[in-house]
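Open the structure in your viewer and get ready to select a few residues. We will go from stop to stop, looking at what is there each time.

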Amino acid sequence: MATPVPVEINYLQEQKLLKINFNNNTECMLSAEFLRVYSPSAEVQGHHPSEAVLQIGKENVEIQAIEPVGNYAVKLIFSDGHDTGLYTWDYLYELASNYDILWQDYQIKLKQHFEKK
């Protein structure tokens with residue numbers, strides 16, 4: 001079965017949430033911070049999972065623009081200048097489907113980072 005695709009994407013600026021409606025009637029809300037720390041760019045993810053760079057201090061980041069890329073992705077432009085990740089429909093759906101686990105994992109990594117200091 002094909003991965004669901006967005007039929008509507010809106011940024012709710014006051015809440016800093018990206019609202020995505022998929023064609024399977026799934027709706028999700030992903031924070032700008034979450035999308036920024038899970039950017040698919042090589043700058044964040046590296047070229048191998050062991051090269052991923054923990055993103056720190058992104059609590060106040062906002063999405064400044066959403067640019068369509070063909071019929072398969074969007075490019076998000078963030079207020080901290082980050083703009084190199086292409087969020088494919090598959091990746092957005094994966095983030096939405098695994099939000100709770102991914103967010104918890106990020107929070108644990110942040111905590112560990114600050115405990116080391």
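Start by selecting His82, whose place is in the loop between S5 and S6. Helices (H or I, at least four residues) and strands (E, at least two) are DSSP runs, numbered from the N terminus. This is a predicted model, in which local features need pLDDT of at least 70 and side-chain atom pairs count only at pLDDT 80 or more, while totals for chains, interfaces and linings use all residues. Residues are numbered from 1 along each chain as its sequence is written, and side-chain values use heavy atoms, with hydrogens and water left out.

Is His82 buried or exposed? His82 is buried, because its relative accessible area is 4%; buried means under 20%, exposed over 50%, and partly exposed in between (1.4 Å probe, protein chains only). Now show the side chain of Ser39 as well: a polar contact of 2.8 Å joins it to the side chain of His82. A polar contact is a pair of N or O atoms within 3.5 Å; within protein, one must be able to donate a hydrogen and the other to accept it, and residues adjacent in sequence count only if both atoms are side-chain atoms. Leaving aside residues up to four places away in sequence, His82 touches Arg36, Ser39, Ser41, Glu43, Val44, Leu76 and Ile77 (contact means heavy atoms within 4.5 Å).

Next, colour the strands on either side of that loop. An open sheet of 3 strands has the order S4-S5-S6, with antiparallel pairing; two strands pair if DSSP finds at least two bridges between them. Its edge strands, each pairing on one side only, are S4 (63–69) and S6 (86–88). On average, neighbouring strands here are turned by 30 degrees against each other, direction ignored. Axes are lines fitted to C-alpha atoms, for helices over the stretch in contact, and angles run from 0 to 180 degrees between N-to-C directions. Zoom in on S4 and S5 (residues 73–78), which pair over 6 bridges; Ile63 stands opposite Phe78 in S5.

Now select helix H3 (residues 89–97), which lies across S5 and S6 and runs at about 80 degrees to S6.

For the other sheet, select S1, S2 and S3: these 3 strands form an open sheet in that order, and the pairing is antiparallel. S1 (6–12) and S3 are the edge strands. H3 packs on this sheet too, touching S1, S2 and S3, and its direction makes about 110 degrees with that of S2.

Look along S2 (residues 17–22) and S3 (residues 27–31), which are joined by 5 bridges. Asn21 stands opposite Glu27 in S3, and the bridge partner of Lys19 is Met29. S2 and S3 form a hairpin with 4 residues between them. In its turn, pick Asn25, which has a positive phi of about 70 degrees. Asn25 is exposed, with a relative accessible area of 78%.

Then go to Lys16, in the loop between S1 and S2. Phi of Lys16 is also positive, near 55 degrees, and this residue is partly exposed, at 23% relative accessible area.

For a last stop, show the largest pocket, with a volume of about 270 Å³. Its lining includes Val37, Tyr38, Pro49, Asp105, Tyr106 and Lys109. Which helix gives the most to the lining of the largest pocket? H4 does, with 3 residues. On a 1 Å grid over the protein atoms alone, a pocket is an open set of points where a 1.4 Å probe fits, with protein on both sides within 12 Å along at least five of seven lines; lining residues have an atom within 4 Å of a point. Grid points are joined across faces, edges and corners, and a volume is the space filled by probe spheres set on the points.
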